[in-house]
Amino acid sequence: MSTPPVTDLHTQIAAAVKSGPDGVVRSVDLILAEADRVRASDVHFQPTPRGMDIRFRIDGVLQSAATLPRELAPNVIGRLKVMAELLTYRMDVPQEGSIRVADGSQATDRRVSTFPTVHGENAVVRVFNPAPELLELDQLGVPPEVLRVLNNLLREKSGAILLTGPSGSGKTTTIYACLRQLAAEGVGRHIVTIEDPVERILDGISQSQARPGTEFDFARGLRSLLRQDPEVIMVGEIRDRETAAVAIEAALTGHLVFSTLHTGSACGVVGRLLEMGVEPYLLTGGVRGILNQRLLRRLCDGCKRATSAVWESVGCEQCGGTGYRGRFLVAELLTPDAEVRAAILRKADVDALEVVARRCGWRTVRDEADEAVATGRTSLAELDRVLGPRPAGTG
């Protein structure tokens, strides 16, 4: 449950700057510590003509936290580069790095990305929450029917389970929860991953870090993993035809494969894989389930109220005036049955595939979101923000 940013962060930074030569170091530490406190997923350091805006992404929404003087901006970015082991003298090219956990673990705590702009370098720090309580599958808030089917899929010995959704929708957290559950069963499965980056270290699982653009990318790393006698494989993301082909082939040859793609819906995953050149018969034989998920902000119980049609909130001290406290998950899970497989074999487009799936009783992520709005868990405005306005002519 998120806490609003402190109102005096700007004052604290100003005091740190005046404290001496290490003022910039202390300022960056203050900003990152505050981001951890409010459980921000990202910290934006954005240069402007007037200074540098600091913004936190909390519950999926950017919120202003502080503004730094313009003359401090290069030094602040420089400090982040030092922490992430980037080249401080290169300000003309994008760079990426990571800040490791203080206890020496190999798990990435924060990922740093810099990018040159007309006003100076922009930096974004992605914060990974290591809280173990978020990694249990039955604690993620997965809709009960989806959870039941997903648990059944985890009992399979082969096939692909694919996840989709935008960045920040919790796909990796869900996959990690699935892997932890498989590892905890104690049946001696060899579970391996290839990720970019490795966000959390999981007990009992062999994890590796891919390096796109090198000889150790997802596709070549996956081919090598297949020679490690695995039973369960997680590929961080399917980005190209080669990775897709190897992943589906692995799913067809006795491996349980997990991976993610970036599409807007479960049926969109099928369309994306077909566009990559994966043959329809491989999809119908290899894909066991496709999970599409979103995170919606939860209306604050302290200030929400029912109107004539929907629920809304006005903001209060408990939610920091935002009207929302925390987020919850909505999801759709497509498990191709005979009709859906037939549609895939004839290369039906995404819209036609959704019609077939609905006819077979498939419940979409928007159906789940509509129910959440009707029961007061979230607002119509939040649904539109995350899923977009409902297409004209739909109910």
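How closely do the axes of helix α1 and helix α2 come, and at what angle do they cross? The first point below answers this.

1. The axes of α1 (residues 9-18) and α2 (residues 23-37) come within 7 Å and cross at roughly 155°. Axes here are lines fitted to C-alpha atoms, for helices over the stretch in contact, with angles running from 0 to 180 degrees between N-to-C directions. The two helices are therefore roughly antiparallel, given that angles under 35 degrees count as roughly parallel, over 145 as roughly antiparallel, 65 to 115 as roughly perpendicular and the rest as oblique. α1 passes α2 in a right-handed crossing; a crossing is right-handed if the near helix is turned clockwise from the far one by less than a right angle, and left-handed if anticlockwise. On the α1 side the contact involves Leu9, Gln12, Ile13, Ala16 and Val17, and on the α2 side Gly23, Arg26, Ser27, Leu30, Ile31 and Glu34. Contact means heavy atoms within 4.5 Å.

2. On the basis of the model: it is predicted, with local features needing pLDDT of at least 70 and side-chain atom pairs counting only at pLDDT 80 or more, whereas totals for chains, interfaces and linings use all residues. Residues are numbered from 1 along each chain as its sequence is written, and side-chain values use heavy atoms, with hydrogens and water left out. Helices (H or I, at least four residues) and strands (E, at least two) are DSSP runs numbered from the N terminus.

3. Cys267, Gly268, Val270 and Gly271 of α8 meet Val350, Leu353 and Glu354 of α11.

4. Strands β2 (residues 51-58) and β3 (residues 61-69) pair in the antiparallel sense over eight bridges; pairing requires that DSSP finds at least two bridges between the strands. Glycine 51 stands opposite proline 69 of β3. The hairpin has two residues between its strands, and aspartate 59 there takes a positive phi near 55°.

5. Most residues other than glycine have a negative phi, and most peptide bonds are trans. At 12% relative accessibility, aspartate 59 counts as buried (buried means under 20% relative accessible area, exposed over 50%, partly exposed in between, with a 1.4 Å probe and protein chains only). Aspartate 59 also forms a salt bridge with arginine 327, with the closest N and O atoms 4.0 Å apart. The aspartate lies in the loop between β2 and β3 and arginine 327 in strand β15 (residues 324-334), so the pair ties together parts that are 268 residues apart in sequence. Arginine 327 is partly exposed, at 29% relative accessible area.

6. The whole structure holds 21 salt bridges, each defined as a side-chain nitrogen of Lys or Arg within 4 Å of a carboxyl oxygen of Asp or Glu. One of them joins arginine 297 and glutamate 382, at 2.9 Å from N to O. This pair links distant parts of the chain, with arginine 297 in strand β12 (residues 287-299) and glutamate 382 in helix α13 (residues 380-387), 85 residues apart. Arginine 297 is buried at 13% relative accessible area, and glutamate 382 is buried at 0%. Salt bridges that share partners also join Asp196, Glu237 and Arg239 into one network.

7. Aspartate 217 and arginine 220 form a further salt bridge, the closest N and O atoms being 2.9 Å apart. Aspartate 217 counts as buried at 17% relative accessibility, while arginine 220 is partly exposed at 41%.

8. A cis peptide bond, with omega about 0°, joins aspartate 196 and proline 197; proline 197 lies in the loop between β8 (191-195) and β9 (206-209). Arginine 39 is not a glycine, yet has a positive phi of about 60°. Arginine 39 sits in the loop between α2 and β1 and is partly exposed, at 38% relative accessible area.

9. Threonine 48 lies in the loop between β1 (42-47) and β2. Threonine 48 counts as buried at 7% relative accessibility. Leaving aside residues up to four places away in sequence, threonine 48 touches Asp53, Arg70 and His119.
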